[in-house]
Amino acid sequence: MKIAILGGDGFCGWPASLHLSDQGHEVTIVDNFSRRVIDEELEAESLTPIRSLSERRAAWKQVSGRQIGFAFIDVAQDYEGLLEFFRTERPDAVVHFAEQRAAPYSMKSSKNKRYTVDNNVNATHHVLSAIVESGVDIHLVHLGTMGVYGYGTAGMKIPEGYLDIEVTADGDANGAADGEANGPSDQPAEPRRIEQQILYPSNPGSIYHLTKVLDQHLFAYYVKNDSVRITDLHQGIIWGTHTAQTQLDERLINRFDYDGDYGTVLNRFLMQAAVGHPLTVHGTGGQTRAFIHLQDMVRCVQIALENPPAAGERVKIFNQMTETHRVRDLAEMIGRITGAEVAMVPNPRKESAENDLHVVNDTFLDLGLHPTTLSEGLLLEVEQIAEKYRDRADLSKIPATSLWTADQQAGVPETAPAGPASSPVPASDSVPSAVPDAVPDHAPVK
């Protein structure tokens, strides 16, 4: 299969590119390195030393004998470049990771909010419009988020995208009450029960999550109007660092974000334990979240590609998660394993202090996914990676300081190790504007 990976240099895109190439697919990465630019603006690099994409691709060719192509395209801004890429390369499938992926970053300032909406919604719409205009029959697989459902207590298992409902209506199918077809009637209309299936009501908790909700509606429209084949993966929080391919060579290592904007909660806890920082639990720690290991993520993308919808079939929505955990329970478990201190800190987010979360994930299980669940061995493996690269950490970047509203407080523990002194970048300027000249791979490469 010929597959284009949009955002293939990023946290999810790189391991997915390697996995699919290893499966024998012809893979081309499309990226503009915006995530690397954000590293510079936040002054918070990956804990692991990720190489340039040119070095990564060369290492993969050396290790596997397989070539991964590359095209430098800003998907959100360069529509004509994307359209020409589709027409020239004619991919069978496009995997869309090309969106700003961090909720805290999206809430950092008004400018960050606008950047996230502009980038994410433009990117998705450009992809859809270019698929239609190119005339190429492309299956689009999009990385969404469980966060579109919201993190309140639903009182039920959250279904995979669609909710069965029953509406009680007065009158007939045309909306007329009993007797109205033959003139006015004093007789009350007989209520009728109408069964429908709708998109599960969205309840986004940040501007980032809101953009994924908007993506859903763009997908529904383009399926209805243009019969585009689309699969939307509602993913849980990723944990873990390695996949089978990233372990083959140090130059293939994936990024490991630990900062308060981009670090995912479980990886952050493990990194904090490795460097002797308190485990920062926001609020009561009663937030329940869905999780998935990095290796399972790439496997799910493969399964989705191998099971596309037919033209005209509604958007396929899979809940891409394997287990749920309460945040304070994770912190306590890691504290027991590693001896790390647990610190309850203010919650910078505006969210429910406590919630339950129960999720249906039958589709991937039925299609052959064998979940990688939390185990002490895997957790220690991640901590050991964090320990190996601890000298690269700036401890001042660990606390989550992007506030949802002026009423929230930063998640800073009362006592924590200090990091290297650095001049913070003002939040209002923390949006990528251009790719620095030092970043390699600026031209399409096959």
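At what angle do the axes of helix 10 and helix 12 cross, and within what distance do they come?

Author: This is a predicted model, in which local features need pLDDT of at least 70 and side-chain atom pairs count only at pLDDT 80 or more, while totals for chains, interfaces and linings use all residues. Residues are numbered from 1 along each chain as its sequence is written, and side-chain values use heavy atoms, with hydrogens and water left out.

The axes of helix 10 (residues 327–338) and helix 12 (residues 376–388) cross at roughly 75 degrees and come within 11 Å. Helix 10 is therefore roughly perpendicular to helix 12. Angles of 65 to 115 degrees count as roughly perpendicular, under 35 as roughly parallel, over 145 as roughly antiparallel and the rest as oblique. Axes are lines fitted to C-alpha atoms, for helices over the stretch in contact, and angles run from 0 to 180 degrees between N-to-C directions. Helices (H or I, at least four residues) and strands (E, at least two) are DSSP runs, numbered from the N terminus. On the helix 10 side, Met333, Ile337 and Thr338 meet Glu376, Leu379, Leu380 and Glu383 of helix 12; contact means heavy atoms within 4.5 Å. This contact has four nonpolar, one polar and two charged residues. Ala, Val, Leu, Ile, Met, Phe, Trp, Tyr, Cys and Pro count as nonpolar, Asp, Glu, Lys and Arg as charged, and the others, Gly among them, as polar.

Another helix pair can be described in the same terms. Helix 4 (residues 79–89) packs on helix 6 (residues 110–134) at an angle of about 45 degrees, with the axes 9 Å apart. Helix 4 and helix 6 are therefore oblique to each other. Tyr79, Leu82, Leu83, Phe86 and Arg87 of helix 4 make the contact with His126, Val127, Ser129, Ala130, Ile131, Glu133 and Ser134 of helix 6. By class, the residues of this contact are seven nonpolar, three polar and two charged.

Aromatic side chains come next. The structure holds seven aromatic pairs. Rings of Phe, Tyr and Trp (its six-membered ring) pair if their centres lie within 6.5 Å; planes under 30 degrees apart count as stacked, over 60 as edge-to-face and the rest as tilted. Phe33 and Phe70 have ring centres 5.6 Å apart and planes at 35 degrees, so this pair is tilted. Phe33 is in the loop between strand 2 (26–31) and helix 2 (34–42), and Phe70, 37 residues apart from it, is in strand 3 (residues 69–72). Both Phe33 and Phe70 are buried, where buried means under 20% relative accessible area, exposed over 50% and partly exposed in between (1.4 Å probe, protein chains only). Tyr105 and Tyr262 form a tilted pair, 5.6 Å centre to centre with 50 degrees between the planes. Tyr105 lies in helix 5 (residues 103–106) and Tyr262 in the loop between strand 10 (237–239) and helix 8 (265–275), so this pair ties together parts 157 residues apart in sequence. Tyr105 and Tyr262 are both buried. Ring pairs also link Phe33, Phe70 and Phe72 into a cluster.

Last, a backbone detail. Glu43 is not a glycine, yet has a positive phi of about 55 degrees. Glu43 lies in the loop between helix 2 and helix 3 (53–64) and, at 33% relative accessibility, counts as partly exposed.
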